[in-house]
Amino acid sequence: MIPYGKQHIDKADINAVSKALKNEYLTQGSLVEKFEKLISKYVGSKYAVAVSSCTAGLHLSAKVSGLNKKNQLLTSANTFVSTANSALYCGSKVKFSDIEPNTGNMSITDIENILKKNKRIKALSPVHFAGVPLNMEKIYKISKKYNLFVYEDAAHALGSRYMDGSRVGNCKYSDLTVFSFHPIKSITTGEGGVITTNNKKIYEKLIRLRSHGIEKFKNNFVSKKNSLKNNKNSPWYFEMQELGYHYRITDIQCALGITQLKKISKFIKKRKSISKRYDLAFRNVPNCKILQKNLKKWSSHHLYVLKIDFNKINISKSEFMNKLKKKGIITQVHYIPVYLHPFYRSKKGSQKKLKNTEEYYEQALSIPIYYDLKKKDQEYVIDNIKKMIK
């Protein structure tokens, strides 16, 4: 089988994890902080907080943004459900913007149109779909105009760059950025995620929320008298200052993350070469369009998406995918519009149909792209898809 995505694990990764298993601390040891510092250095942010998953990172981001039952989040309908769910975890509601047909990313025009009419939107979560970032300079100007908290969903975009050439995650255009380390992402820790920020107060709050709301920085203690014994800080003392969560990542996972991060440049270089080969193969195929065709230079190349007019080739998407599967080729669809899921449909005042999003969903197909994809296997994928389209 040729999967649509897959992790790459080598001896260095295995040795690093084996070494971590021999350390005194398996959970909150020195490797967590080391990994966080390496991520910050890589993306160009001041701080990074590693967490148990990207979903956990999105939830904490929604929490620090101030989302609650009195306000709302605006995000893309073309995303995984966790982006929207992050607001619901805080008792807030979600509004979805339509997308640009050629990118799969949020339409900035639609964002502005929604914000003009809806004064309850408190936060904006731009989704960098498939690894191509939105125009964050425009998003930043919008956020200032409407006084919005911005947390970027960059689950697909570790290694991507903004149009000014700087890396996604440096938070120059947002309050926070959240990445995923799921196995099919740019690098993996198995499960895991990280939040980057340049705001020290937000960073310290995230550290608390990640671990049950517990504060360990002595300068931030509320009951300072209780922390002292003979005018000295008690080494065992900590305070639970708010209701937090168990969203910690382990040293074992971070050991893997550290060695994976060393390889990220070659991972993305290989994905880029695969993407270019696909671009060349599908550029003149009838009833088939390449998503994000002119924006690939900014991308981490997390996904490669084709838009196929299944009506014109007289075959359903399901049939198309099943026939490929019989030939050993696994494809996927990213994504079912969030508001079409039964849970969101059941919500009072549920989302109205978004034309571009639903048209995109009918045609979108994600095809194999990952570091270990061999050229002969890619040619096999190309040949079979082209034959079926023609």
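Predicted model: local features only at pLDDT ≥ 70, side-chain atom pairs only at ≥ 80, totals over all residues.

Trainee: OK, what's the strand order in the open sheet of seven strands?
Mentor: The order is β1-β7-β6-β5-β4-β2-β3, with mixed pairing. Strands here are DSSP E runs of at least two residues, helices are H or I runs of at least four, and both are numbered from the N terminus. Two strands pair if DSSP finds at least two bridges between them.

Trainee: Which are the edge strands?
Mentor: β1 (47–51) and β3 (93–97), each pairing on one side only. From one strand to the next, the twist averages 25 degrees; such angles run from 0 to 180 degrees between N-to-C directions, with axes fitted to C-alpha atoms, for helices over the stretch in contact.

Trainee: Do β2 and β3 pair in the parallel or antiparallel sense?
Mentor: Parallel, over five bridges, with β2 covering residues 72–76. L73 has V94 of β3 as its bridge partner, and T75 stands opposite F96.

Trainee: And is β2 buried or exposed?
Mentor: Five of its five residues are buried, so β2 is largely enclosed by the rest of the structure. Buried means under 20% relative accessible area, with a 1.4 Å probe and protein chains only.

Trainee: Switching to helices, how do α2 and α8 cross?
Mentor: The axes of α2 (residues 30–43) and α8 (residues 251–261) come within 8 Å and cross at roughly 30 degrees. Residues meeting there include F35, L38 and I39 in α2, and C254, A255 and I258 in α8; contact means heavy atoms within 4.5 Å.

Trainee: What kinds of residues make up that contact?
Mentor: They divide into 10 nonpolar, two polar and two charged. Ala, Val, Leu, Ile, Met, Phe, Trp, Tyr, Cys and Pro count as nonpolar, Asp, Glu, Lys and Arg as charged, and the others, Gly among them, as polar.

Trainee: Last one: which residues of α10 are buried?
Mentor: In α10 (residues 317–326), they are K317, F320, M321 and L324. Seen down the helix axis, these buried residues fall within an arc of 95 degrees, so they line one face of α10; the arc is taken from the directions from the axis to the C-beta atoms.

Trainee: What covers them?
Mentor: The cover includes β13 (304–308), α12 (355–363), β14 (364–367) and α13 (375–389).

Terms used. Residues numbered from 1 in each chain as written. Heavy atoms only, no water. Buried < 20%, exposed > 50% of the residue type's maximum accessible area, 1.4 Å probe, protein only.
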